[in-house]
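Student: Could you take me through this structure, one question at a time?

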Amino acid sequence: MCLAIPMRITQIDGLVATAEIDGIARRVRIDLLDKASVGDYVLIHAGLAIAIVDEQEAAETLALLRGVFYETQ
Amino acid sequence: MRLSDEFRDPALVRELAERIGRFSGMSATIMEVCGTHTMSVARFGLKSLLPPGVSLISGPGCPVCVTDQRDIDAYLAIGALPGVTLACFGDMIRVPGSATSLERLRAEGADVRVVYSPIDAVDTARGDPGRQVVFFGVGFETTIPAIALAVKVAAEGKVSNFLVYCAHKTIPAALRALLATDELRVSGLLLPGHVTTIIGSGAYSFLADQLGVTCAVAGFEPVDILLAVEAILARIEQGTAAIDNAYPRAVRAEPNPRAAELIDEVFVTSDALWRGLGSIPGSGVALAAKYAVHDASLRFADTLAAVPPPKQTTCKCGDVLRGITRPSQCPHFGTTCTPTDPIGPCMVSSEGACAAAYKYEGV
């Protein structure tokens, strides 16, 4: 039940956003997010975005595993 | 490529399995606290990648499974009343109560609806003011903010026919109670990533500092889980205990401040009844007095007082949830208890330890 799906925000209208994954769009509440922007990956659980996925952290984890130095720019 | 696919990359999974192979010879039992981890571990066959001395056992982190029989019977009793619509997450529909289930109640004519979000249930209530719409509040810290938000939205919109039957549980208090017993021997804990996006990894510091149990917060893809297992095994090898964060793309040490504020606004801490664990002080939430009008346990107090004590069964779910019995050790497993005809909730929920073992590991 604690499953949360990473979806990308495509539109924001106040506290309601549209988030998409694999062509499926959902309206979600973003009350818990500090500063959400269009393009952010967010974790969606029961219609609520519970966290922004830090893509740089994700890239760093993967780069460390793949043994390459990651350049952000 | 989707972000989650990157964390399923077979080449990375192989590399991590090789790295973890260096711990062969070590004897360690790691509890995956979260039911969604249990499901991922089973689905991706991760147990087969670990050295022979390292075992993973399921814990109490399946909300459907830990919901006490008394709460299920209470919710079913409310649903049998005239003028009531029940709204719940899909996982609850087939869970057996002492006498019936939501599925059977619906077949008998009760209005039982599955909703994706508790906010949807507020909309149902708003659209049908003549009925009492009662949401079954189950779930851990991941889910509690969504319920809190629904209650707040209902209060602001004066939707007083939206009610919550509150059976939520909180994870740190349960872990403290679980580890306080002598029956469970674990070397480390795989902590639930999404619960921790809400409460922050700092909420578990007592596990390492006071109880000496090393832990790692894990995401839900194979690479996430193996990274966390590696962190735990490395700590055990060093003889140290810490709370490592193996899910840094989503989890911080601090709680989500907006979630904390919302939960504090709508709920107060309460004791909670856990299947298999009994009553654990401070391990639940109840609606704050300000939101009492939305509290189903107050609105239907007379009905709830008349609910008989739960029927005793020989189901071993309680022991499975405490990590002291493996699903296959239950005499009902795979014979008289199967996903199509379950006796206990651990076989019903898609993330129950018994359902995961039945589906992916065979009878």
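Student: Which residue of β6(B) is the bridge partner of B:Gly137?
Tutor: This is a predicted model: local features need pLDDT of at least 70, side-chain atom pairs count only at pLDDT 80 or more, and totals for chains, interfaces and linings use all residues. Residues are numbered from 1 along each chain as its sequence is written, while chains are lettered from A and ligands numbered from 1 in the order in which they are written. Strands here are DSSP runs of E, at least two residues, and helices are runs of H or I, at least four, numbered from the N terminus. In β6(B), B:Gly137 has as its bridge partner B:Cys166.

Student: Over how many bridges do β5(B) and β6(B) pair?
Tutor: Two strands pair if DSSP finds at least two bridges between them. Strand β5 of chain B covers residues 132-137, and its pairing with β6(B) is parallel. The number of bridges is 5.

Student: Which are the edge strands of the open sheet?
Tutor: The sheet has 4 strands with parallel pairing, in the order β4-β3-β5-β6 (chain B). An edge strand here pairs on one side only. Those are β4 (111-114) and β6 (162-166) of chain B.

Student: What angle does the direction of α7(B) make with that of β5(B)?
Tutor: α7(B) packs on the sheet and touches β3 (84-88), β4, β5 and β6 of chain B. Touching means contact: C-beta atoms, placed from the backbone, within 7 Å. Axes are lines fitted to C-alpha atoms, for helices over the stretch in contact, and angles run from 0 to 180 degrees between N-to-C directions. The angle is about 170°.

Student: Why is helix α5 of chain B largely enclosed by the rest of the structure?
Tutor: A residue is buried if 20 or more other C-beta atoms lie within 10 Å of its own, exposed if 12 or fewer, and partly exposed in between. Among the buried ones in α5(B) are B:Ile72, B:Tyr75 and B:Leu76. The helix (residues 69-79) is largely enclosed because its buried residues number 8 of the 11.

Student: Which helix of chain B gives the most to the side that touches chain A?
Tutor: In total, 36 residues of chain B are in contact with 24 residues of chain A. Elements giving two or more residues to that side of chain B include α1 (3-6), α2 (10-20) and α10 (193-199). The most, 4 residues, come from α10(B).

Student: What is the average pLDDT of chain B?
Tutor: pLDDT is the predictor's confidence in each residue, from 0 to 100. In chain B, 99% of the residues score at least 70. The average is 94.

Methods. Contact = placed C-beta atoms within 7 Å.
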